[in-house]
Amino acid sequence: PLAAEPVVTVERWNPLTTEWDADLAASSPSDSELADAERRHRIADDTDRSQATGVPAWTVRAAFGSRGDAIELARRLGSLGLPVVRRGKSVLLGASNEDVADELVQRVAEQGRMATVSVQRTLVWAPPVDCTPLF
């Protein structure tokens, strides 16, 4: 008797459907679809981390040539309900994710003041310490 040939199925993880796919030709996402999926995942992770810890995942810094300009921007943004921290000639704003940081950059630009604006991802993070007594 002849032995039956084994059936081999190749599957791969599809990040768009979050499932294992056997039909690679029909379900292979394009590079742009993969990049979009990765970006959505990164934004969701940053937002979750920011909400869980109370520490923004991104920081927007507007640096001015004068303290008065920084005070004025902090006042204006504060009146819009945004949490603002002013340090000398700089204004700092926290953002829960990259999209929110981009929106904050636009808000700073709308205020009409000349500033050097930088956006940085918060790289150093430590979870809150549980101070529950052991006894």
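This is a predicted model: local features need pLDDT of at least 70, side-chain atom pairs count only at pLDDT 80 or more; totals for chains, interfaces and linings use all residues.
Local features were considered only at pLDDT of at least 70 and side-chain atom pairs only at pLDDT 80 or more, whereas totals for chains, interfaces and linings use all residues. Residue numbers start from 1 along each chain as its sequence is written, and side-chain values rest on heavy atoms, with hydrogens and water left out.

Helix α2 covers residues 31–53. Its 23 residues should span 33 Å at 1.5 Å a residue, and the end C-alpha atoms are 33 Å apart, in agreement; the expected span is defined as 1.5 Å times one less than the number of residues. The buried residues of α2 are A37, I43, D46, T47, R49, S50 and T53, where buried denotes under 20% relative accessible area, exposed over 50%, and partly exposed in between (1.4 Å probe, protein chains only). These buried residues pack against β3, β5, α4 and β6. With residues up to four places away in sequence not counted, S50 touches V55, P56, A57, A95 and S96, contact being defined as heavy atoms within 4.5 Å. The helix is followed by G54, which has a positive phi, near 80°.

Helix α4 comprises 13 residues, 98–110, and reaches 19 Å from its first C-alpha to its last, close to the 18 Å expected. A101, L104 and V108 are buried in this helix. Seen down the axis of α4, the buried residues fall within an arc of 60° and so line one face; the arc is that of the directions from the helix axis to the C-beta atoms. The face turned away from the buried side carries the exposed residues E103, A109 and E110. Packing partners of the buried residues of α4 are β3 (58–63), α3 (67–79), β5 (90–95) and β6 (116–121). At the N-terminal end, α4 is capped by N97, a side-chain oxygen of which lies 2.9 Å from the backbone nitrogen of D99.

A63, in strand β3, is partly exposed at a relative accessible area of 27%. A63 touches K89, S90, A115 and T116, residues up to four places away in sequence not being counted. The C-alpha atoms of A63 and R86 are separated by 9.9 Å, with the two residues 23 apart along the chain.

A salt bridge requires a side-chain nitrogen of Lys or Arg within 4 Å of a carboxyl oxygen of Asp or Glu. By this rule there are five salt bridges. One of these joins the side chains of E98 and R42 at 3.2 Å, N to O. That pair links distant parts of the chain, E98 in helix α4 and R42 in helix α2, 56 residues apart. R42 is partly exposed, with a relative accessible area of 34%. The side chains of R121 and D46 meet at 2.3 Å, N to O. This pair connects strand β6 (R121) with helix α2 (D46) across 75 residues. R121 is partly exposed at 31% relative accessible area, whereas D46 is buried at 4%. The side chains of E72 and R75 form a salt bridge of 2.4 Å, N to O. Both residues lie in helix α3, three residues apart, about one turn of the helix. E72 is buried, with a relative accessible area of 18%. Salt bridges with shared partners join E72, R75 and R76 into one network.

Conventions:
Helices (H or I, at least four residues) and strands (E, at least two) are DSSP runs, numbered from the N terminus. A polar contact is a pair of N or O atoms within 3.5 Å; within protein, one must be able to donate a hydrogen and the other to accept it, and residues adjacent in sequence count only if both atoms are side-chain atoms.
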